[in-house]
Structures are given as structure tokens and as C-alpha cells.
Amino acid sequence: MLETLILAAILIPCLIVAIVFHEVAHGWVALMLGDPTAKEQRRLSLNPIRHVDPIGTLLVPGALALFGGPIFGWAKPVPVRQDRLDNPRYGMMAVAAAGPGTNLLLALLGAVMAGLVMGASQAAGVEPNPWLFTGFTYFILINIFLALFNLLPIPPFDGSHILGGLLPLRYQRHWQRLQSLGMVFIVVLIGASWAFPDSGLVENIVLPPVLWVQDIYFAIADWIARGIAG
């Protein structure tokens with residue numbers, strides 16, 4: 001029981017930081033590219049409460065956990081108006097890429113910090129706190145997963161906005177119509193993952209590249225640790 005509480009105390013802050021920075025990054029890039037909507041609605045804040053979606057952040061993950069389904073949820077999307085961007089087409093692509101890009105940077109920061117701590121511990125001849133190492137590991141993993149999952153080209157994920165910007169103009173109107181069905185796609189994905197938990201619907205698509213990228217970050221942490229330890 002104690003280990004479960006400690007693990008929750010590690011996971012929850014890691015998840016909150018990953019989600020909040022992801023959403024705020026969208027808003028900041030939109031502001032830099034001409035759309036102040038997020039700033040006007042006071043969403044350029046690191047206060048987690050401003051980004052909580054009652055359904056996606058609380059109700060859905062809680063219900064899935066209660067009924068034994070895969071945990072899935074979302075934060076309140078930062079508002080972005082494509083028509084207010086200086087370059088609506090490519091500006092929207094940059095805004096969409098900002099969230100996953102920020103998560104990859106956070107994962108890199110976690111790897112650097114892990115390497116510094118491990119290297120300092122080895123140089124001092126002491127063992128690092130195992131829970132601290134667990135925290136770094138989950139922080140890196142959560143940020144990588146959030147980045148790559150959101151890059152899936154499925155409405156309303158960030159990858160769908162990036163793909164929409166790359167499509168020829170004659171196809172973009174049809175793609176925009178699919179964006180309006182984003183919630184339907186999410187419900188279908190949640191339902192399929194819950195109804196067929198052994199299918200590995202999400203894991204088989206996202207997990208292999210997540211583990212591949214994770215190995216790169218772990219290699220960076222190990223390189224830093226060995227450099228410090230000498």
C-alpha cells in the first residue's frame with residue numbers, strides 16, 4: 001500500500017507537468033504567431049486547475065480505472081483560432097507541433113538531470129535514491145509517450161493538424177470536416193481499447209517508437225553520468 005502511494009505521488013506530478021507544459025506551449029506559440037486567444041482567456045498559465053477538463057481529466061480516467069480499462073484522458077485544449085494566425089496554414093502546423101516538441105524537450109531535461117544525479121552519486125561513491133531514479137524514468141517515459149501519441153494523424157490529435165497543413169489545398173476542406181468529428185474518434189478509441197484490452201490497439205502502434213526514443217534518452221543520461229563519474 002505504501003509503495004502504491006509513493007508511486008502515485010511520483011506519477012501524478014510527472015503527468016501534470018507533462019500535460020500542462022504541453023498545453024501552454026500551444027498557446028505561447030500561437031501568441032508568437034499572431035493569435036492571442038489563449039492569452040485573452042488566461043490559459044497561458046502553469047496553474048494545472050486552468051487546464052483541467054472535468055470529463056477528460058477526471059471522469060473518464062476515473063471510470064476507466066474503476067472498471068479495469070486502460071487509463072486514458074485529456075486536458076482542456078488551449079483555444080487557438082487559426083484565422084487569427086499570421087500564416088493560418090503553416091502557423092497551425094507550428095502550434096500543433098509545439099506541444100509534442102515541448103514534451104520531448106522535457107524528456108531531454110529529465111535525462112540530463114538523471115545523468116547529473118547518477119554521475120554525482122557514482123563520483124561520491126553512494127547509491128542514488130531508487131525512488132528518485134524511478135521518478136526520472138517515469139518523467140521521461142510519460143513525456144515521450146505524450147509526444148508520440150499526440151503526433152498520431154488522428155483528429156483531434158496534434159498530428160492531424162500537422163498532416164492537414166501538409167495536404168494539398170483541394171483536400172484540406174475535407175480534412176477540416178474530419179477535425180469536427182474528433183470527439184467521436186476519441187470515444188471509439190477509448191471504447192475499442194476498453195472492450196478489447198488484449199488487442200494492444202494503442203500499445204502496438206505507439207509503444208515500439210516510445211521505447212526506441214526512450215533508449216536514446218537513457219543513453220544520453222548514461223553518457224552524462226559516465227562523464228561526471230570519470
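Author: Helices are DSSP runs (H or I, at least four residues), numbered from the N terminus. The model is predicted, so local features need pLDDT of at least 70 and side-chain atom pairs pLDDT 80 or more, while totals for chains, interfaces and linings use all residues. Residues are numbered from 1 along each chain, and side-chain values use heavy atoms, without hydrogens and water.

Pro156 has its place in the loop between helix 5 (130–150) and helix 6 (158–166).

In helix 1 (residues 2–32) lies Ile6. Ile6 counts as partly exposed because its relative accessible area is 27%. Along the chain, 125 residues separate Ile6 from Trp131, yet their C-alpha atoms are 8.3 Å apart in space.

Helix 4 and helix 5 also take part in the largest nonpolar core. This core (buried Ala, Val, Leu, Ile, Met, Phe, Trp, Tyr and Cys joined through side-chain atoms within 4.5 Å) has 18 residues, and those with the most contacts inside it are Ile140, Ile144, Leu148, Phe149, Val206 and Tyr217. Two or more residues come from each of helix 4 (88–124), helix 5 and helix 9 (203–229). Helix 9 gives the most, with 6 residues. Leaving aside residues up to four places away in sequence, Val206 touches Phe145, Leu148, Phe149 and Leu152.

Elsewhere in the chain, charged side chains join separate stretches. How many salt bridges are there? The count comes to 4, a salt bridge being a side-chain nitrogen of Lys or Arg within 4 Å of a carboxyl oxygen of Asp or Glu. One of them pairs Arg84 with Asp35, the closest N and O atoms being 3.9 Å apart. This pair links distant parts of the chain: Arg84 belongs to the loop between helix 3 and helix 4, Asp35 to the loop between helix 1 and helix 2, and 49 residues separate them. Asp35 is buried because its relative accessible area is 0%, whereas Arg84, at 27%, counts as partly exposed. Another salt bridge joins the side chains of Glu40 and Arg84 (3.1 Å, N to O). Here too distant parts are linked, with Glu40 in helix 2 and Arg84 in the loop between helix 3 and helix 4, 44 residues apart.

Asp83 forms a salt bridge with Arg81, with 2.7 Å between the closest N and O atoms. Asp83 is exposed, since its relative accessible area is 55%, and Arg81, at 41%, counts as partly exposed. Through shared partners, salt bridges join Asp35, Glu40 and Arg84 into one network.

Helix 2 also holds Thr37. Thr37 is buried because its relative accessibility is 5%. Not counting residues up to four places away in sequence, Thr37 touches Pro79, Arg81 and Arg84. Arg42 is placed in the loop between helix 2 (37–40) and helix 3 (54–66). Its phi is near 60°, a positive value in a residue other than glycine, and Arg42 counts as exposed because its relative accessibility is 55%.

Note on methods. Buried < 20%, exposed > 50% of the residue type's maximum accessible area, 1.4 Å probe, protein only. Contact = heavy atoms within 4.5 Å.
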